[in-house]
Amino acid sequence: MLDKKNILIGVTGGIAAYKVVEVASLLKKSGANVKIMMTKHATEFVSPRTFQEITNNAVSVEMFGDAANFHVAHIGLANFADLILIAPATANFLAKMAHGIADDLLTTTILAFDGKILVAPSMNTKMYENPATQANLSVLKARGVQILEPNVGILACGTVGKGRLPEPTEICAQIEKFFAQDKILAGKKVVVTAGGTIEAIDPVRYIGNRSSGRMGYEIAKSAVNAGAEVVLVSGNSNLEPPNGLKKFFKVESALEMREKVLNEFETADCVIMSAAVADYRVKTPAAQKIKKSAENLTLELVKNPDILKELGALKKNQILVGFAAETQNILEYARKKLVEKNLNFIVANDVTAEGAGFAVKTNIASIIWRNGEVENFSKMTKADLAEKIVLRVSIILNQ
Ligand code: C5P
């Protein structure tokens, strides 16, 4: 269920820390990679060694503990985590988090983290109900932190009231629920094309282009992660196809790519054409290797079908996304294609800009919508851009 999810648990100094050993164990059994950060006070309740044995990972406590191996631990831990759970969260911790105080490894890591945080407060009822604690919880909620309400029951101090840490199974269920929401394309079929097509001249040579396939492979990966059934039709590329694809077709020419895409189109919910399809092919490729003899060699080229334009004419409910890799007048050309090819949106980029274009891992792109709206993005990894594209597709599909 939580296969390969990276979960960071922050344990603060409350007696319920012992229950979090069970939480870590359940998450691990569910397939997650679990790391633990403890405040100093937490180590009074449970030994870091216990967590270390359960998670099979080193437990972090000290900000500057191991000077020899210091490599900005808080940033490393923040980058590691897909989700941070704080359990138990003491009143003191909630106060620090609400005010952005960063005076130990846990609070500093949290400030360096911009993903999902789940907080499970646990304390004496009066401390929990104290207006100061309640105000801190309100601040955290307003910032998007998810609070797991404590249960009512017998507390360690002997009183009965609200303040018990939820049971470990309940905490794990909340975490699983969060990751299930990630599957924004569950049940949807997405066809992605990537790489450049190759147009044969003879059995040895071809006309090709500089596309590496990276953008399309990242889109396919992102769509798989979003729970879609993904068909990747790849032209020329040296990349390894991502895990979890429903189908993978390696093709050479534009005509082959067209055939595969058309076969998948009717049952598709979305087609994202990031492939650099050759506009022309050699009219009659030579059956044998062309020998070097004449001073001049003329190749007759004929126009390839525009696959995306064809899909645009055929489309019923499918979402169509195109790319416009340009070297000038980017927005103008992109807008024209958006309309001509009947797309939902188009991703435009200047392939000559530094940090954009072929082979590099980053891109600088704009997304242009039918209503004229333009989203301009700064330089980002192709993986991040892929996520933005997939998110937008899911928003249209789930409307
Ligand atoms: O017209 P242009 O080639 O610039 O359009 C780019 C978009 O159209 C890309 O999404 C590309 O994958 C797609 N395309 C296509 N078939 C072609 C040429 C481009 O599907 N023959």
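This is a predicted model: local features need pLDDT of at least 70, side-chain atom pairs count only at pLDDT 80 or more; totals for chains, interfaces and linings use all residues.
Residue numbers start from 1 along each chain as its sequence is written, and side-chain values use heavy atoms, with hydrogens and water left out.

## The whole protein

You'll find 13 helices and 21 strands here. Both are DSSP runs numbered from the N terminus, with helices (H or I) needing at least four residues and strands (E) at least two. The radius of gyration is 27 Å, well over the 21 Å that the globule rule gives for 399 residues, so the protein is more spread out than a compact globule. (That radius is taken over C-alpha atoms, and the rule is 2.2 Å times the number of residues to the power 0.38.) Along the principal axes, the C-alpha atoms fill a box of roughly 95 × 45 × 35 Å.

Of the 399 residues, 47% count as buried; that label means under 20% relative accessible area, with exposed being over 50% and partly exposed in between (1.4 Å probe, protein chains only). The accessible surface comes to about 20,200 Å², and carbon and sulfur atoms own 50% of that. Those areas come from the Shrake-Rupley method with a 1.4 Å probe, and for residues only the protein chains shown count as cover. As for contacts (heavy atoms within 4.5 Å), take those with a separation of 6 or more: 65% of them are between residues 24 or more positions apart.

Two strands pair if DSSP finds at least two bridges between them.

S1 is largely enclosed by the rest of the structure, because six of its six residues are buried. Asn 6, Leu 8 and Gly 10 point one way from S1, while Ile 7, Ile 9 and Val 11 point the other way.

Phe 93 belongs to helix H4 (residues 91–98) and is buried, with a relative accessible area of 3%. Beyond its neighbours within four places in sequence, its contacts are Thr 12, Ile 86, Leu 106, Thr 107 and Ile 110. Ile 86 also has a bridge partner, Val 119 in S4.

## The eight-stranded sheet

The other open sheet described here has eight strands in the order S12-S11-S8-S13-S16-S17-S19-S20, with mixed pairing. Its edge strands are strand S12 (247–250) and strand S20 (374–376), each pairing on one side only. Neighbouring strands of this sheet are turned by 15 degrees against each other on average, direction ignored.

S16 is largely enclosed by the rest of the structure, since seven of its eight residues are buried. Looking at bridge partners, Val 271 goes with Leu 320 in S16, and Met 273 stands opposite Gly 322 in S16.

Here are parallel pairs from both sheets:

| Strands | Bridges |
|---|---|
| S1 and S2 | six bridges |
| S3 (residues 83–89) and S4 (residues 116–121) | five bridges |
| S13 (residues 270–273) and S16 (residues 319–326) | four bridges |
| S16 and S17 | six bridges |

Two helices deserve a look too. Helix H12 (residues 330–340) lies across S16, strand S17 (345–350), strand S19 (365–369) and S20, running at about 155 degrees to S17. Helix H13 (residues 382–397) packs on the sheet as well, touching S13, S16, S17, S19 and S20, and its direction makes about 165 degrees with that of S17.

## An aromatic pair

A search of the whole structure finds two aromatic pairs. Rings of Phe, Tyr and Trp (its six-membered ring) pair if their centres lie within 6.5 Å; planes under 30 degrees apart count as stacked, over 60 as edge-to-face and the rest as tilted. Phe 345 and Trp 369 have ring centres 4.7 Å apart and planes at 40 degrees, so this pair is tilted. Phe 345 lies in strand S17 and Trp 369 in strand S19, so the pair ties together parts that are 24 residues apart in sequence. Both Phe 345 and Trp 369 are buried, and Phe 345 stands opposite Val 321.

Definitions and conventions:
Axes are lines fitted to C-alpha atoms, for helices over the stretch in contact, and angles run from 0 to 180 degrees between N-to-C directions.
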